[in-house]
Amino acid sequence: MSSFATLILTAFQLLMDYQRDFDKLQNNFAIIKNSYLDSMAEHLWSYDTRLLEIQLDGLSRLQGVSYLRLVADNKTIYESGKSDPTEESHKRFDIYHKNTNEILGTLDVELDVRSLRQKYFQEAIWIFIRQAAKTMVVVFFLYFIFNQILVIHIQHIAQYLKSNRGRANEDLQLHRPHHRGEDELDVLVASINTFRSELLEANQKLESLNQALEQKVTDRTRQLTTKNESLEKAMLQIKRMQATLVAQERLASLGSLTASVAHEIRNPLNFVLNFSELLTDSENLEEVKEISRVVLKHSQRIDQIVRSMQILSGYDSDVLESTDINEILKRAYQETISTRALGSSYVPPKVTYRLSDNVVAPVYATSLLRALSNIVDNAIHALEKKVITNKNFEPELTLSTAVRGDMAEITIRDNGVGIPAILGEKIFDPFLTTKAAGEGAGLGLTVAFNIAQKHGGTLKYTSEFGQWTEFVMALPLVHERPNP
């Protein structure tokens, strides 16, 4: 950097010197114009060629003038030197007579700028050569000193660190001549030795910790293995107990279901038997008709229970086919009204249909019709109960269909008595009913729930007790056969 700065300053100084000498050369033009042109005009006017040549010879000897030529009457009177004109080195002067201002001739003058440039160029070359030589000597000298004083010791430190990785038992030492005080290399060596000692101590502690950790891991693995064996034995016992409990639960459920079915069938069957005996003894035609109606009603109830049990058991001859859901929902309402005519003449005065267009899905039509009829029957029963208790009540039954994503939704909503929140999902359990004795077997919602699952769909409800109830059955638009 020092050499570079020196070269820059030297180049600047050469440039300044060249400009100064160049200005001196240019000053010759002013000297010729002010000191020589008037006398040349007089000599040309008097045509004194001898004095004119003497004057021109003196002019040609001016420093820096490399070429002169005097032209008068279109003839060259005097010429000296070799012409190499450039814009900055050549100038032409017109020679006027001072009284008449008549042009007597022209004087061409050229300055030796090329020599001036060559001079400074050569000088610059020599300066650069001397500076480069001096720089090389200084650099070589500094490199030798730096290498002997610092580099070989840094290489020794690097080799020590590379070969020992801080694990050597011997401290790092530099073979240096005796010197006063402590310099940077001494501080570096002391720091490396301190770091090496601390690193060795840390490695020893880490090795001890690793051994202790390995022992802990071994002990914990042994403990976990023992616990896993105990857990496996416990899981095996739990599975055996679970299998036993499942078998017992199935037997208990089967017994409860059998008892419930027997109880539900026995009641209408008793009516059939008793009224059948009365029928054999009665001769009154009106009484026979009334007894036949009661027998038919309870026989239909037995048939309904048997059909529901068939559906619950999986027995169903229905066929899956693409069907208009809107038509099935309308039929479910109409058939429910027709069926209820046997036991109750109540029909809701207001039924609202909110049916979407083109709701077609693959369904088991007969099964779906039965499921929807059961839900609609429950809704009408809830409206009927509220009408009995509240004379100012305005019953409303809403039947809706919609397509949401890949599911077809069927919604049945009533503003009847609602369902107690305490029942929750138990309303789908078999033989659970809120109706009075003899009004229902408690299988309608169970059958509807199983039919929804049979389609790969869902049946859910929401209700506010005393206000309203809404059942939503969602069926897939594309049938996927359920896993067995």
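This note comments on a helix pair, a group of aromatic rings and one histidine in a predicted model.

1. Geometry of the helix pair. Two packed helices are described by the angle between their axes and the distance between the axes. For helix H8 (residues 365-389) and helix H9 (residues 444-454), the axes come within 9 Å and cross at roughly 140°. Angles over 145 degrees would count as roughly antiparallel, and H8 and H9 are therefore oblique to each other. The crossing in which H8 passes H9 is left-handed.

2. Residues at the helix contact. On the H8 side, the contact is made by Ser-367, Leu-368, Arg-370, Ala-371, Asn-374, Ile-375 and Asn-378. Their counterparts in H9 are Gly-444, Leu-445, Val-447, Ala-448, Ile-451 and Lys-454. Sorted by class, this contact of H8 with H9 comprises seven nonpolar, four polar and two charged residues.

3. Phe-428 and Phe-449. The structure contains five aromatic pairs. One of them joins Phe-428 to Phe-449 in a tilted arrangement, with 4.9 Å centre to centre and 35° between the planes. Phe-428 sits in the loop between strand E9 (407-414) and H9, whereas Phe-449 belongs to helix H9 itself; the two are 21 residues apart, and the pair links distant parts of the chain. Phe-428 has a relative accessible area of 6% and is therefore buried. Phe-449, at 23% relative accessibility, counts as partly exposed, because the cut-off for buried is under 20%.

4. Phe-428 and Tyr-461. What is the geometry of the rings of Phe-428 and Tyr-461? Their centres are 6.2 Å apart and their planes stand at 70°, so the pair is edge-to-face. Tyr-461 lies in strand E10 (residues 458-464) and Phe-428 in the loop between E9 and H9, so this pair ties together parts that are 33 residues apart in sequence. Both Phe-428 and Tyr-461 are buried.

5. The aromatic cluster. Phe-428 and Phe-449 belong to a cluster, linked by ring pairs, that also includes Tyr-461 and Phe-471.

6. His-97. This residue is found in the loop between strand E3 (90-96) and strand E4 (103-111). Is His-97 buried or exposed? With a relative accessible area of 10%, His-97 is buried. Leaving aside neighbours within four places in sequence, His-97 is in contact with Trp-45, Glu-102 and Leu-104.

Key:
Residues numbered from 1 in each chain as written. Predicted model: local features only at pLDDT ≥ 70, side-chain atom pairs only at ≥ 80, totals over all residues. Heavy atoms only, no water. Axes fitted to C-alpha atoms, helices over the stretch in contact; angles between N-to-C directions. Helix = DSSP H or I, 4+ residues; strand = E, 2+ residues; numbered from the N terminus. Parallel < 35°, antiparallel > 145°, perpendicular 65-115°, else oblique. Left-handed = near helix turned anticlockwise from the far one by under 90°. Contact = heavy atoms within 4.5 Å. Nonpolar A, V, L, I, M, F, W, Y, C, P; charged D, E, K, R; others polar. Phe/Tyr/Trp six-rings, centres within 6.5 Å; stacked < 30°, edge-to-face > 60°. Buried < 20%, exposed > 50% of the residue type's maximum accessible area, 1.4 Å probe, protein only.
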